[in-house]
Amino acid sequence: FIKDVALMRDRLFMQWQDLDCLGRIYVAEEGINAQMNVPETHWEAFVAGLYSMPEFKDVPFKIAVEEPDYSFLKLTIKVKEKIVADGIEDPSFDASNSGAHLDAEAFNEAIESGATVVDMRNHYESEVGKFEGALCPDSDTFREELPMVEKMLEGKENEPVLMYCTGGIRCEKASAYLKHRGFKNVSQLEGGIIQYAHEVKEKGLDSKFLGKNFVF
């Protein structure tokens, strides 16, 4: 939880501008969503600076691209009402009550056990790559996707449900939403497809992701 979002936005901008960081970042009371380039020579200073703030202590990093080229042209940090627009207006909804986090090995085992797998990305992302057997909503936004997924899972409230997305952020809120709506056994892929790919490679696991991971 970030108490003064505007102040945090300015603090991050000054800190990251000095480190030559580029990217597109959203900051809200509920947290931060950042896609960034961080110069390798400034990485340790970047991590130390971020972890020095209680709001971001030990926040996980998902390293998606390790290339010398820049993915962004400037540093943009915007204040948002929510880091992921979800359309949820229910005041009793608790976004922190998310599903269990599974690493790559546990996620593979859950797939093999017959759990229902749900892709929480937009349709154009799942069209180029997805986990085998996954349900893929034909949605353009996260806001319209949540009710779609709930309808697709109708009757499976007591069955194991696995969710995944690119980096794990959408699943934090989506898994909490399903639990709020009465689903009893909801899990999510820790770190999303990005971390899954790293773990599969490092541990020599069988990859159950088919195709390519769409990275903005």
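A crossing of two helices is called right-handed if the near helix is turned clockwise from the far one by less than a right angle, and left-handed if anticlockwise. Helices (H or I, at least four residues) and strands (E, at least two) are DSSP runs, numbered from the N terminus. With these terms, the crossing of α1 and α2 is right-handed.

The structure described here is a predicted model, in which local features need pLDDT of at least 70, side-chain atom pairs count only at pLDDT 80 or more, and totals for chains, interfaces and linings use all residues. Residues are numbered from 1 along each chain as its sequence is written, and side-chain values use heavy atoms, with hydrogens and water left out.

## Helix pairs

Axes are lines fitted to C-alpha atoms, for helices over the stretch in contact, and angles run from 0 to 180 degrees between N-to-C directions. Angles under 35 degrees count as roughly parallel, over 145 as roughly antiparallel, 65 to 115 as roughly perpendicular and the rest as oblique.

Helix α1 covers residues 5-18 and helix α2 residues 43-51; they pack at about 165°, and their axes are 10 Å apart. The two helices are therefore roughly antiparallel to each other. Contact means heavy atoms within 4.5 Å. On the α1 side, Leu12, Gln15 and Trp16 meet Phe46, Gly49 and Leu50 of α2. By class, this contact of α1 with α2 has four nonpolar, two polar and no charged residues. In this classification Ala, Val, Leu, Ile, Met, Phe, Trp, Tyr, Cys and Pro count as nonpolar, Asp, Glu, Lys and Arg as charged, and the others, Gly among them, as polar.

Helix α5 (residues 142-152) and helix α6 (residues 169-180) have axes that come within 11 Å and cross at roughly 40°. That angle makes α5 oblique to α6, and α5 passes α6 in a right-handed crossing. Here Phe142, Glu145, Leu146 and Glu150 in α5 meet Arg170, Lys173, Ala174, Tyr177 and Leu178 in α6. The residues of the contact of α5 with α6 divide into five nonpolar, no polar and four charged.

Helix α3 packs against helix α7 (residues 192-203) at an angle of about 95°, with their axes 9 Å apart. That makes α3 roughly perpendicular to α7. Ala104, Glu105 and Asn108 in α3 meet Tyr196, Glu199 and Val200 in α7, and by class the contact of α3 with α7 has three nonpolar, one polar and two charged residues.

## Individual residues

The accessibility terms are defined by relative accessible area: buried means under 20%, exposed over 50%, and partly exposed in between (1.4 Å probe, protein chains only).

| Residue | Relative accessible area | Class |
|---|---|---|
| Asn122 | 4% | buried |
| Asn108 | 7% | buried |
| Ser98 | 15% | buried |
| Lys82 | 26% | partly exposed |
| Asp20 | 47% | partly exposed |

A polar contact is a pair of N or O atoms within 3.5 Å; within protein, one must be able to donate a hydrogen and the other to accept it, and residues adjacent in sequence count only if both atoms are side-chain atoms.

Asn108 belongs to helix α3 (residues 104-112). A polar contact of 2.7 Å joins its side chain to that of Tyr196. Not counting residues up to four places away in sequence, Asn108 touches Tyr196, Leu205, Asp206 and Lys208.

Asn122 is placed in the loop between β5 (116-119) and α4 (123-126). A polar atom of the Asn122 side chain lies 3.3 Å from the backbone oxygen of Asp140. Leaving aside neighbours within four places in sequence, Asn122 is in contact with Ser139, Asp140, Thr141, Phe142 and Arg170.

The loop between β3 (75-79) and β4 (100-102) holds Ser98, and Lys82 also lies in the loop between β3 and β4. The side chain of Ser98 makes a polar contact of 3.2 Å with the side chain of Glu172. The side chain of Lys82 reaches the backbone oxygen of Ile88 at 3.0 Å. Lys82 and Gly31 are 51 residues apart in sequence, and their C-alpha atoms are 8.2 Å apart in space. Beyond its neighbours within four places in sequence, Lys82 is in contact with Ala28, Glu30, Ile88 and Lys173.

Asp20 lies in the loop between α1 and β1 (22-28). The phi angle of Asp20 is near 60°, a positive value in a residue other than glycine.
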